[in-house]
Amino acid sequence: MPTITRVGVLGCGLMGSGIAQTAAAAGFPTVVRDVGDALLDTGRAGIRKSLDKLAEKGKLDPATPDAALGRLRFVTDLDALSDCDLIIEAITEDLELKNTLWRELDALCPPATIFASNTSSLSIAEMAAATGRPDRFVGLHFFNPVPLMPLVEVVRTVTTSRDTFDAALDFSRRLGKEPIVARDRSGFIVNLLLVPFLLDAIRALERGVGTTADIDRGMQLGCGHPMGPLTLADFVGLDTTARIADIMFEEYREPRYAPPPLLRRMVVAGFHGRKSGRGFYDYSATPPVPIDLGL
Ligand code: CAA
Ligand code: NAD
């Protein structure tokens with residue numbers, strides 16, 4: 001089985017920053033790449049805050065935040081990832097964007113480097129086929145917020161070698177995560193079930209079944225969910241949720257995966273959820289308040 005020592009992460013957004021933090025805290029020297037310094041600065045600040053919070057609560061050793069930050073390099077230059085053993089991609093959910101990057105990396109990295117995608121809904125096979133190493137390509141699907149959520153879906157597509165798959169399972173465990181194995185089908189296991197639920201909550205709001213606050217409270221207090229579905233959609237990102245829905249609808253052609261009209265309108269209006277300050281809630285207020293969407 002290939003040995004993974006150095007880790008590269010593509011994208012320093014919600015997921016990339018969480019994956020990079022988790023890898024560095026687990027002891028891996030980690031390089032994280034995004035397309036601008038401001039994005040990297042935001043990611044680095046989020047990682048510092050999250051590490052300090054975990055140490056404050058006794059979930060990490062007090063020395064770990066500084067040690068983890070010492071193992072992290074934030075770069076805009078793709079060449080800096082050329083000596084990584086494993087590269088995990090967590091950029092925008094867009095096949096063309098991802099494949100452009102995979103082609104560049106394929107030319108840059110030695111043949112042994114394993115490529116992994118954190119995609120929520122795209123086909124691992126379609127990304128693997130864009131590279132000259134389809135046997136060394138695997139899905140590693142983390143959950144948001146990565147430092148707190150214990151699950152990773154490990155996805156073996158038709159071309160993934162046994163060695164690559166085993167290395168991905170082993171790496172997930174070395175991060176302290178619990179892997180489950182999912183087939184390469186859009187949404188894997190968790191999003192196949194979660195995404196229709198989030199979209200149904202948006203449709204319920206659109207149809208006037210309940211208010212934003214009541215739909216969320218209903219699922220929290222009635223079903224014990226830690227977050228209501230509209231809060232969770234804001235947390236995932238409404239832009240990302242809409243992209244995932246489009247991709248899943250394209251794969252399955254079932255109405256339950258179709259993005260509701262309200263979601264599309266919110267995305268074009270720049271309501272991208274918590275990361276943009278506004279979604280179903282206005283996050284400039286503490287606690288966040290539901291936004292009047294003119295329904
Ligand atoms: N790093 C460190 N600490 C964090 C943190 C982070 N990233 N995020 C939250 N915390 C801390 C909070 O600061 C808080 O600390 P205090 O107790 O000191 O205040 C603590 O964790 C608990 O957080 P909260 O009080 O906000 O509330 P919580 O008990 O609800 O926990 C949560 C937060 C773990 C995120 C919980 O709300 C939860 O499990 N939510 C659901 C998340 C979920 O479903 N994720 C999956 C999304 S789908 C996906 O990821 C797949 C996809 O492809 C789209
Ligand atoms: P995000 O919008 O928070 O971050 C995406 C980042 O990728 C941005 O910072 C962007 O600048 C960067 N980026 C774009 N092109 C790039 C390139 N060529 N090189 C390097 N960086 C580039 O998105 P996110 O929520 O972190 O989602 C990232 C991926 O993870 C998507 O595939 C998404 O489906 C998946 N995912 C998201 C969640 C979630 O809850 N948000 C959960 C699991 C998986």
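1. Arg 48, Asp 52 and Asp 66 are joined in a network of salt bridges, a salt bridge being a side-chain nitrogen of Lys or Arg within 4 Å of a carboxyl oxygen of Asp or Glu. Across the whole structure, the search finds 17 salt bridges. Side chains of opposite charge can pair when their charged atoms come close.

2. On conventions, the model is predicted, with local features needing pLDDT of at least 70 and side-chain atom pairs counting only at pLDDT 80 or more, while totals for chains, interfaces and linings use all residues. Residues are numbered from 1 along each chain as its sequence is written, chains are lettered from A and ligands numbered from 1 in the order in which they are written, and side-chain values use heavy atoms, with hydrogens and water left out.

3. The salt bridge between the side chains of Asp 83 and Arg 6 has an N to O distance of 3.3 Å. Asp 83 sits in the loop between strand 3 (72-75) and strand 4 (86-89), and Arg 6 in the segment before strand 1 (7-10), so the pair ties together parts that are 77 residues apart in sequence. Helices (H or I, at least four residues) and strands (E, at least two) are DSSP runs, numbered from the N terminus. Asp 83 is partly exposed at a relative accessible area of 41%, and Arg 6 is partly exposed at 26%. Here buried means under 20% relative accessible area, exposed over 50%, and partly exposed in between (1.4 Å probe, protein chains only).

4. Within helix 2, Asp 41 and Arg 44 lie 3 residues apart, about one turn of the helix. Their side chains meet in a salt bridge at 3.4 Å, N to O. Asp 41 has a relative accessible area of 43% and is partly exposed; Arg 44, at 37%, is also partly exposed.

5. Glu 96 and Arg 103 form a further salt bridge, with their closest N and O atoms 3.9 Å apart. Both partners are assigned to the intermediate class of accessibility: Glu 96 is partly exposed at 48%, and Arg 103 is partly exposed at 42%.

6. Ligand 1 has 17 residues around it, of which Ser 50, Ser 120, His 141, Asn 144 and Asn 191 come nearest; a residue is near a molecule if one of its heavy atoms lies within 4 Å of it. By class, this shell has 10 nonpolar, 5 polar and 2 charged residues. In this scheme Ala, Val, Leu, Ile, Met, Phe, Trp, Tyr, Cys and Pro count as nonpolar, Asp, Glu, Lys and Arg as charged, and the others, Gly among them, as polar.

7. Helix 2 (37-56), helix 7 (190-206) and helix 9 (229-236) each supply at least two residues of the shell around ligand 1. Helix 2 gives the most, with 3 residues. The shell also draws at least three residues from each of domain 1 (7-183) and domain 2 (191-284), the bounds coming from an automatic or database domain assignment.

8. An oxygen atom of ligand 1 is 3.1 Å from an N or O atom in the side chain of Lys 53. For the side chain of Ser 120, the distance from an N or O atom to an oxygen atom of ligand 1 is 2.7 Å. A nitrogen atom of ligand 1 is 2.7 Å from a polar backbone atom of Asn 144. Taken alone, ligand 1 exposes 1000 Å², and the protein buries 64% of that. Accessible areas come from the Shrake-Rupley method with a 1.4 Å probe; for residues, only the protein chains shown count as cover.

9. Around ligand 2 there are 23 residues, with Arg 33, Asp 34, Glu 93, Lys 98 and Ser 120 coming nearest. The shell has 9 nonpolar, 9 polar and 5 charged residues. Domain 1 (7-183) and domain 2 (191-284) both give residues to the shell, so ligand 2 lies between them.

10. Oxygen atoms of ligand 2 also make polar contacts. One distance is 3.0 Å, to a polar backbone atom of Leu 14. To an N or O atom in the side chain of Ser 120, the distance is 2.7 Å, and for the side chain of Asn 144 it is 3.2 Å. Taken alone, ligand 2 exposes 830 Å², of which the protein buries 88%. Helix 1 (14-25), helix 4 (95-108) and strand 6 (137-142) are the elements that give two or more residues to the shell around ligand 2.

Terms used. A polar contact is a pair of N or O atoms within 3.5 Å; within protein, one must be able to donate a hydrogen and the other to accept it, and residues adjacent in sequence count only if both atoms are side-chain atoms.
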